[in-house]
Structure formats: C-alpha cells, structure tokens
Amino acid sequence: MSRLTLLVLAAATAAVALCALGGEASYRASPDSDGVQRIAIVGGSYYFQPDHIVVRANQPVELSVRVGSGLIPHGFVLEAPDGRKVAELKLGATAQTVSFTPKRAGRYPFYCPNRLLFFKSHREEGMSGYLDVVE
Ligand SMILES: [Cu+2]
C-alpha cells in the first residue's frame, strides 16, 4: 500500500469519525473482498447510528442491526422507495442481519415503528434514517 493510499485512508477514516461526532452520520459503504457491502447499525433512544448510509445498486448489502443501551424496546423497519417493506424486526443486543440486493437507485427510509400510548412515535423522536442506493 502506497504512502498516498494510507494518507487517503486516514483522511477518510477521520472524516467518518468527524461525521459521527457531529451527529451528521453519513456512511458510504465500501464492499468487502467478497463484494458484500456490510454496515453495522445501532439503534437507541432516539437515534440510529449511522442514520445516513450510501450503498451501490446491484451489489449485495448486509445490515447488521442491534440495539444500543437502555431498556426501551426498539425495532427496525426498512422500506423500499415504493413503500414495500424490505425488513422488519425487533432490535436486540445481539446483532441481526438484513441481507438484500437493491436493484436500482433510490432512497430507502428506515425507522423504529414503536410508539408508547399517546406519546410521539420513536420515528417522530428522531429514530429514523435513510439508506441511499446509488448507481
Ligand atoms: Cu424505538
């Protein structure tokens, strides 16, 4: 690996870290050697981290989703741009894997579907994000 490559990698890592600190958590997935775009997502009251993910179309995506700290139950719903549900699960301390291959570009919203009585839904509280599929 060249010195320049290392510098670029270090800068990219720093950029991701800065985004995470700033709350503007955007994460562009880079495929592993087997071509799978793997992203770990943590959800809690009331956030998903990262809450903005960018992946490439027509390459497999594996989301590893788990709950952060706290006792409030949370879930994870991922919808395709047409509103069809790609995934729906309850978050646990052990990561669960959501695998799919997006066929075309578009914005896939994800959110926690939970709501307690008359309170605002977790989605309204900010427990939501976007997975953007790009060509
Ligand atoms: Cu929730």
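Two strands count as paired if DSSP finds at least two bridges between them. The exercises below use this criterion on a predicted model.

**Exercise 1.** How do β5 and β8 run, and how many bridges join them?

*Solution.* Step 1: β5 and β8 run antiparallel. Step 2: five bridges join these two strands.

**Exercise 2.** Give the strand order of the open sheet of four strands, and name its edge strands.

*Solution.* Step 1: the order is β3-β2-β5-β8, and the pairing is mixed. Step 2: β3 and β8 (96–100) each pair on one side only, and these are the edge strands. Step 3: from one strand to the next, the twist averages 25°.

**Exercise 3.** Is Thr97 buried or exposed?

*Solution.* Step 1: locate Thr97 in strand β8. Step 3: Thr97 counts as exposed because it has 11 C-beta neighbours inside 10 Å. Step 4: leaving out residues up to four places away in sequence, Thr97 touches Glu62, Leu63 and Ser64.

**Exercise 4.** Which residues of the largest nonpolar core touch the most other members, and which strand gives the most to this core?

*Solution.* Step 1: the core has 20 residues, and Phe76, Phe110 and Leu131 touch the most other members. Step 2: strands supplying at least two residues each include β6 (75–79), β9 (106–111) and β10 (128–134). Step 3: β5 gives the most, with four residues. Step 4: beyond four places in sequence, Leu131 touches Ile53, Val55, Leu78, Tyr108 and Phe110.

Note on methods. Residues are numbered from 1 along each chain as its sequence is written. This is a predicted model: local features need pLDDT of at least 70, side-chain atom pairs count only at pLDDT 80 or more; totals for chains, interfaces and linings use all residues. A nonpolar core is a set of buried Ala, Val, Leu, Ile, Met, Phe, Trp, Tyr and Cys residues joined through C-beta atoms within 7 Å. A residue is buried if 20 or more other C-beta atoms lie within 10 Å of its own, exposed if 12 or fewer, and partly exposed in between; C-beta atoms are placed from the backbone. Two residues are in contact if their C-beta atoms, placed from the backbone, lie within 7 Å. Axes are lines fitted to C-alpha atoms, for helices over the stretch in contact, and angles run from 0 to 180 degrees between N-to-C directions.
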